[in-house]
Amino acid sequence: FYCENPYEGVYKMKKELPIMIFHKDNQDYYGGDQDWFPDEWARRAGCASVCAADMACFYEHKLDISYPDFLELMTKMFKLNTPGIMGFPYFYKFAKNFKKYMKHIGLDVEPVYQKITESPEQGVHFVKTAIDQGHPIGMLILTHEAQILEEETWHWMWITGYEETASDTSIIFSSCGERVCVGASTLFNKSHKNIVKLVTFN
């Protein structure tokens with residue numbers, strides 16, 4: 001939707017895909033959380049499985065899925081994306097496994113990759129193109145120099161929207177059940193220390 005920012009006198013655009021909201025332990029979760037796994041190793045390294053479960057619910061139109069059913073789906077995805085000693089930093093394997101699962105439930109999807117983001121503008125273009133077409137984005141951050149992303153490295157998340165302002169575009173994503181917004185100029189800043197990979201599905 002479009003709205004006027006009365007403080008800056010400029011217009012901004014915000015687009016955010018619908019997402020599951022879980023009410024658990026007296027708080028709201030924006031998507032799933034790997035801490036829900038009963039197994040300790042899965043809690044430590046199960047982020048790819050949560051990301052896949054979140055995106056599968058979106059494509060299956062199961063935004064009202066119950067917590068027990070979602071936990072069961074997380075477990076299925078963990079079997080598909082079983083992490084090794086280094087977790088699950090496997091960009092193409094994640095996409096292949098997601099496509100395999102979707103085909104199993106009768107949905108054909110094709111991955112679209114951005115393995116290397118050369119600039120904030122390129123990152124924003126990829127995100128806006130996918131979100132505007134109604135597709136969420138799996139995001140793998142391996143390393144990043146920004147302190148604000150210190151907890152999001154070596155980690156899978158899914159991008160659900162963006163918000164344009166006069167100075168930057170905020171990227172909205174779900175990480176461990178939290179709704180996180182980070183400026184594209186930070187997230188996609190070109191640096192040899194910043195390794196951010198994106199995959200969406202058409």
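User: In this predicted model, what does "buried" mean for a residue?
Analyst: The term rests on relative accessible area, with a 1.4 Å probe and protein chains only. Exposed is over 50%, and partly exposed lies in between. Buried means under 20%.

User: How many residues of strand β10 are buried?
Analyst: Strand β10 covers residues 195-201. The strand is largely enclosed by the rest of the structure, because most of its residues count as buried. The number is 6 of the 7.

User: How many bridges pair strand β6 with β10?
Analyst: Strand β6 takes in residues 137-143. Its pairing with β10 is antiparallel. I141 stands opposite V196 in β10. The bridges number 6.

User: Why is helix α2 described as largely enclosed by the rest of the structure?
Analyst: The helix spans residues 47-59. What counts is how many of its residues are buried, so the count decides the matter. For α2 that count is 13 of the 13.

User: How far apart are the end C-alpha atoms of α2?
Analyst: Helix α2 has 13 residues. At 1.5 Å a residue, they should span 18 Å. The distance in the model agrees with that, at 19 Å.

User: Which residue just after α2 takes a positive phi?
Analyst: The angle is about 60 degrees. The residue is H61.

User: How many disulfides does a search of the whole structure find?
Analyst: A disulfide needs two cysteine sulfur atoms within 2.5 Å. C51 is in none, and its nearest cysteine sulfur, that of C47, is 8.2 Å away. The search of the whole structure gives 0.

User: Is C51 buried or exposed?
Analyst: The cut-off for buried is under 20% relative accessible area. C51 has 2%. C181, with 36%, is partly exposed. C51 is therefore buried.

User: Within what arc do the buried residues of helix α5 fall?
Analyst: The buried residues of α5 are G123, V124, F126, V127, A130 and I131. Seen down the axis, they line one face of the helix, because their arc is 160 degrees.

Note on methods. Residues numbered from 1 in each chain as written. Predicted model: local features only at pLDDT ≥ 70, side-chain atom pairs only at ≥ 80, totals over all residues. Heavy atoms only, no water. Helix = DSSP H or I, 4+ residues; strand = E, 2+ residues; numbered from the N terminus. Expected span 1.5 Å × (residues − 1). Pairing = 2+ DSSP bridges. Arc of directions from axis to C-beta.
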